[in-house]
Amino acid sequence: MLVPSYSDELMADHSLIVSEADHSLIVSEADHSLIVSDAELSLVDHTLVIGQEFPDVETCRRMLKDIAIAMHFDIRIVKSDRSRFIAKCSKEGCPWRVHVAKCPGVPTFTVRTLHGEHTCEGVRNLHHQQASVGWVARSVAAQVRDNPQYKPKEILRDIRDHHGVAVSYMQAWRGKERSMAALHGTFEDGYRLLPAYCEQIRKTNPGSFASVFATGQENCFQRLFVSYRASIYGFINACRPLLELDKVHLKGKYLGALLCAAVVDADDSLFPLAIAVVDVDSDENWMWFMSELRKLLGVNTDSMPRLTILSERQRGMVEAVETHFPSAFHGVCLRYVSENFRDTFKNTKLVNIFWNAVYAPTAAEFDSKIAEMVEISQEVITWFEHFPPQLWAVAYFEGVRYGHFTLGVTELLYNWALECHELPIVQMMEHIRNEMASWFNERREMGMRWTSILVPSAEKRIAEAIADARCYQVLRANEVEFEIVSTERTNIVEIHSRVCSCRCWQLYGLPCAHAAAALMSCGQNAHLFAEPCFTVASYRETYSKMIYPILDKSLWKELGEGEGGAKVDITIRPPKIRRPPGRPKKKVLRVENLKRPKRVVQCGRCHLLGHSQKKCTMPMGH
């Protein structure tokens with residue numbers, strides 16, 4: 001067996017590391033030994049012997065290319081046709097030469113003659129003619145499969161480090177594109193497969209909604225709508241009537257937008273009720289999305305609950321909600337409102353008072369904070385005309401948000417757009433489905449381990465309310481009405497209708513400290529007076545259904561019949577709006593900006609900020 005040798009100049013370094021993808025070949029000058037792991041490509045794989053066979057001539061060409069790059073020499077093809085393949089070293093005078101010929105009667109090729117010794121010095125620079133786009137694609141296939149976010153500049157660095165070869169940025173970019181297409185199919189294939197994909201969703205997840213729409217004579221993609229039966233069942237049967245609406249722009253080869261309606265479970269985690277991909281973020285597409293959402297809720301429930309919907313209240317969203325959910329309470333995301341207020345006034349004191357106004361539970365307290373702001377700036381009055389408190393303030397918003405004032409779905413959509421922008425549309429939807437299926441399975445198992453009445457987040461808030469309740473004096477008016485007296489004020493609690501004059505019980509769905517004091521005074525368990533949507537039983541019911549996997553697309557053709565035996569033969573073409581050339585501008589969305597601003601706690605006894613009554617060190621009666 002002949003092994004291509006390195007020249008003295010190439011072996012001058014103490015070690016030479018050559019690898020293909022994640023396979024590495026380590027040649028040490030100290031003991032000239034080969035260290036090869038099971039996952040690595042052995043030296044034998046980079047050698048040729050007489051009689052060695054290849055399934056076809058293309059495989060032979062690829063192996064010769066790999067050997068040439070690994071051993072740092074270049075080859076010139078002398079002859080290549082259907083029956084033979086002859087190559088030699090590109091350096092004049094070097095005797096290295098190989099002749100591969102087709103075996104008679106079979107498709108395989110075999111090495112007939114081989115001169116395996118090199119007398120030339122090989123390739124002395126980092127540029128190698130054999131490092132083509134196809135070679136780059138094969139070299140990075142494993143990394144691209146494990147990490148679709150693998151960047152061309154990272155490919156450049158890794159190929160240089162592992163193979164000692166320099167490729168251009170465009171070669172790296174095209175190599176990644178080719179590797180992605182080999183792994184997942186092309187973007188165009190993704191749109192073409194959508195009708196069959198929707199059919200598979202409906203077959204594997206009965207009761208789910210999945211439909212795709214095209215536009216124009218060319219059947220260009222326009223809209224895709226997906227809602228899984230597990231999500232529909234969980235929302236209607238066990239979740240609070242609260243929806244979050246948001247969208248994110250897609251930055252793949254073909255542009256578009258991902259729309260989502262998400263719901264909140266008992267423990268304040270989110271999951272999508274419905275997802276849509278549209279060719280453009282438009283008022284018309286929002287109207288269609290809310291129409292589809294209304295249809296699926298109407299089919300699955302006899303009495304539609306009165307929803308509270310939270311969004312950024314862009315014009316298209318507002319019109320769509322008013323048309324299809326006219327009785328819903330439609331609030332605006334508080335992050336959007338607060339950022340506008342902060343950027344408009346740029347006054348720290350005003351912003352602090354603004355947050356106190358936001359969380360003020362009663363109209364009197366809210367109006368008091370507004371008066372403080374007006375004393376600082378009269379322009380606050382004009383700002384409130386553009387952002388009416390009825391859409392966001394706790395004291396005036398009529399819907400029940402259960403403490404959700406900002407859109408949690410924003411971060412979810414942003415992460416999906418970031419993770420999937422390199423994937424065709426079917427693979428993107430599969431990524432989302434896989435993540436949702438994992439959530440449902442993990443949360444179902446977690447819910448089965450809980451032994452309490454309420455979910456952990458609600459248990460914690462009830463415990464805090466009970467601790468604060470010990471600071472109050474309770475006066476019982478009758479069987480159901482109580483006066484709760486503190487150093488700050490007196491509140492009226494009516495336990496039968498679950499109402500407190502502080503409004504926190506009604507706003508958050510859990511007994512407040514005043515309610516807890518009243519309930520404990522008559523021997524009642526405060527946990528039993530929480531809204532049913534906060535119970536462990538509701539949490540388990542939310543995730544009681546499964547999101548089932550989709551069959552591999554290689555099997556779709558066999559099952560490619562629609563309802564009633566109709567063939568799924570619609571060819572969906574990509575939308576006409578493509579990503580423009582050049583590097584896109586990067587907009588950084590900071591995760592910390594997505595979180596709810598921390599509320600300033602004020603003691604009801606000493607009125608100082610930073611602690612509650614239960615942690616107050618001032619003696620009672622002061």
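Colleague: How many nonpolar, polar and charged residues are in the lining of the largest cavity?

Modeller: This is a predicted model. The lining of its largest cavity has 15 nonpolar residues, with four polar and two charged ones.

Colleague: What space lies in the largest cavity?

Modeller: The largest cavity holds about 160 Å³. Its lining is made up of 21 residues, of which Tyr191, Leu250, Tyr254, Leu423 and Met428 are the closest to the centre.

Colleague: Which elements give two or more residues to that lining?

Modeller: Both helices and strands do: α6 (187–192), α15 (409–420) and α16 (425–449), together with β11 (242–251), β12 (255–264) and β13 (270–278). The largest share, three residues, is that of β11.

Colleague: And the second largest cavity, what is its volume?

Modeller: The volume of the second largest cavity is about 80 Å³.

Colleague: Which residues line the second largest cavity?

Modeller: They are Val394, Phe397, Gly399, Val400, Arg401, Tyr402, Gly403, Phe405, Leu507 and Tyr508. By class, this lining has seven nonpolar residues, two polar and one charged.

Colleague: Turning to the strands, in what order do the seven strands of the open sheet stand?

Modeller: The order is β9-β10-β13-β12-β11-β14-β15, with mixed pairing.

Colleague: Why is one side of β9 and of β15 left without a neighbour in the sheet?

Modeller: β9 (209–215) and β15 (329–332) stand at the edges and each has a single partner strand, so one side of each has no neighbour in the sheet. On average, neighbouring strands of this sheet are turned by 20° against each other, direction ignored.

Colleague: Do β14 and β15 pair in the parallel or the antiparallel sense, and over how many bridges?

Modeller: β14 (residues 308–311) pairs with β15 in the parallel sense, over four bridges. Within this pair, Thr308 has Phe329 of β15 as its bridge partner.

Colleague: Which strands does helix α7 lie across?

Modeller: Helix α7 (residues 194–204) lies across β9 and β10 (220–227), and runs at about 165° to β9.

Colleague: One last topic, β8: how many bridges join β7 to β8?

Modeller: Six bridges join β7 (residues 97–102) to β8, and the two strands run antiparallel. His99 has Thr113 in β8 as its bridge partner. The two strands form a hairpin with six residues between them, and Gly105 in the turn has a positive phi of about 85°.

Colleague: And how many bridges join β4 to β8?

Modeller: Strand β4 (residues 53–54) is joined to β8 (residues 109–115) by two bridges, again in an antiparallel run. Phe54 stands opposite Phe109 in β8.

Definitions and conventions:
Residues numbered from 1 in each chain as written. Predicted model: local features only at pLDDT ≥ 70, side-chain atom pairs only at ≥ 80, totals over all residues. Heavy atoms only, no water. 1 Å grid on protein atoms, 1.4 Å probe; cavity = no way out; pocket = protein on both sides within 12 Å on 5 of 7 lines; lining within 4 Å. Points joined across faces, edges and corners; volume = space filled by probe spheres on them. Nonpolar A, V, L, I, M, F, W, Y, C, P; charged D, E, K, R; others polar. Pairing = 2+ DSSP bridges. Axes fitted to C-alpha atoms, helices over the stretch in contact; angles between N-to-C directions. Contact = heavy atoms within 4.5 Å.
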